[in-house]
Amino acid sequence: MAMIEIKQLIMRFGTFTAVDGISFAVERGTVLGFLGPNGAGKSTTMKIITGFLAPTMGQVSVCGFDTAMAPVEAKRRIGYLPEGAPAYAEMTPREFLNFVADVRGLRRDDRRRKLDLAIERAGLGPVLEQPIDTLSKGFKRRVGLAQAILHDPDVLILDEPTDGLDPNQKFAVRALIKEMAATKAIVISTHILEEVEAVCTRSLIIARGRVLAEGTPLPDAGGWRFGEHQAAPGRLDAIFRRITTGENQHQEIAA
Amino acid sequence: MIRGMIAIFRRELAGYFATPVAFVFIVIFLLLTGIFTFYVGAFFEQGQADLKPFFMFHPWLYLLLMPAIAMRLWAEERKTGSIELLLTLPIRLSAVVLGKFLAAWTFTAIALALTFPVWITVSYLGRPDQGVIVAGYLGSLLMAGGYLAICACLSATTHNQVIAFVLGVIVCLLFTVSGTPIVLDIITPWAPQALVETIASFSFLARFGSIVDGVIDLRDIVYFASLIIFWLYANAVVVEWRKAG
Ligand SMILES: Nc1ncnc2c1ncn2[C@@H]1O[C@H](COP(=O)(O)OP(=O)(O)OP(=O)(O)O)[C@@H](O)[C@H]1O
Ligand SMILES: [Mg+2]
């Protein structure tokens, strides 16, 4: 059974269609990367998977639970880092994580172990007692990350998880994602193409609310294949540009 | 579910005390009740040992103070985006709405409880009917709950706390004065009798007035309770409906 299953998702805001018929499934052990230009519908799709937004049409199930029929059961199994990593500014990371642990119903030893592990994995030790609104952007992101992985969920949805992190932290977070990948289904969105190469086992290029291409790493030589396009290691950007601006190029040729 | 609600409640209540605003608020509340009771209400000149002048001003105080307490409940979550985090936690929306409301109500109860010196003063000066005073306090708290439920719902309609405050004051004002002569004199000449009676029956002033007089009518309690339930339900509907925007 796929851990995340999405069928014919459509999301309209008024007359504007932000997500236009997206379908895919994610298995355990997969790290799926969302790529796409600004405004493509990546974050909107994630908001629907996590049950924040109800889609105009279509179905989402997480670990077999339909997010419309059994929202609480589905949410229990998801860890979510929203875009911009919002948190409660007046709280310290420790208070904030305790709050999330309370709402998630973690208790006693299990709770202490999970809190310690999330704090360690996100590298929050030095700032635990400092109000979140006084933290740097990178540490705020790490607080959001700690909150997302706190309950060791089966499904992780991370919206631009390494945005604003220093190079060392980017490396650490990617290593963390890879470490967790074996037992979870993970979806990340990113604008950093090398991140896809570094952590993803599959990738979707999304634009204007549609999936334009699906890519997988090439088995031996390295590099990636998106449909008929193939990229050498480190050269995903050329494919990305061709796929997401493809129409314009054709027009240019025609003109 | 209950555990989740308690977590929300505790976070929200601690949030009030996280900044000096809570203490400033309580001081203002105590000062105003003091001024109204002893100066405007001519507490001493009245020559009667009861707390009527004290309670009489509560609706007018709440009119401004309850919107101030409730305005941040949802508007701030919207503004910072933390609403996305909150509503993707495994907890029912009704539990979130209730937890937030109860935190605001508890904060109000604390402020109200701190007016106890007034009670002690009147008990020292005379022999007031303690039952009536207890009824007054409970009635006041119940009415505060009504104002808070209205303002919590309105807070969910916007991400701007100032707008939430202004909306709160306006709607609370309507509920406060709906039964007074100012309003009734305007609508009686043209409105059908049934409408006039309905509007009059919404009045916080009239219902609270009779509680303060020591007349505990079950209908008044049911009125405030159903008003709270109605607005909390509306609160959940508004959050659900306005999530995207
Ligand atoms: N609440 C909303 N109301 C109206 N339009 C919206 C709303 N939320 C998103 N949109 C629109 O939907 C489109 C997709 O937005 P989304 O945030 O999903 O893009 P994205 O792929 O995450 O982009 P980015 O890479 O910039 O994060 C955008 O055009 C955006 O303006
Ligand atoms: Mg986005």
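Two strands count as paired if DSSP finds at least two bridges between them. Keep that in mind for this predicted model, starting with the strands near residue 210 of chain A.

**Strands S9 to S11**

S9(A) and S10(A) run antiparallel to one another, with five bridges joining them. S10(A) also pairs with S11(A), again in the antiparallel sense, over three bridges.

| Hairpin | Residues between the strands | Positive phi |
|---|---|---|
| S9(A) and S10(A) | two residues | Arg208(A), about 50° |
| S10(A) and S11(A) | six residues | Gly222(A), near 85° |

**Where chain A meets chain B**

Now for the interface. In contact here are 25 residues of chain A and 25 residues of chain B. About 2400 Å² is buried between the two chains, and carbon and sulfur atoms give 67% of that. On the chain A side, Phe52(A), Tyr88(A) and Val103(A) lose the most area to chain B, together making up 30% of what that side buries.

There are some charged and polar links too. The count is two salt bridges; one of them joins Lys47(A) to Glu84(B), with the closest N and O atoms 3.5 Å apart. Five residue pairs are in polar contact across the interface. As for elements, H2(A) and H3(A) each give two or more residues to the side of chain A that touches chain B, and H3(A) gives the most, with five residues. By residue type, that side divides into 14 nonpolar, four polar and seven charged.

Key:
Residues numbered from 1 in each chain as written. Chains lettered and ligands numbered in written order. Predicted model: local features only at pLDDT ≥ 70, side-chain atom pairs only at ≥ 80, totals over all residues. Heavy atoms only, no water. Helix = DSSP H or I, 4+ residues; strand = E, 2+ residues; numbered from the N terminus. Contact = heavy atoms within 4.5 Å. Buried area = accessible area lost by both parts, 1.4 Å probe. Salt bridge = Lys/Arg side-chain N within 4 Å of Asp/Glu carboxyl O. Polar contact = N/O pair within 3.5 Å; in protein donor to acceptor, adjacent residues only side chain to side chain. Nonpolar A, V, L, I, M, F, W, Y, C, P; charged D, E, K, R; others polar.
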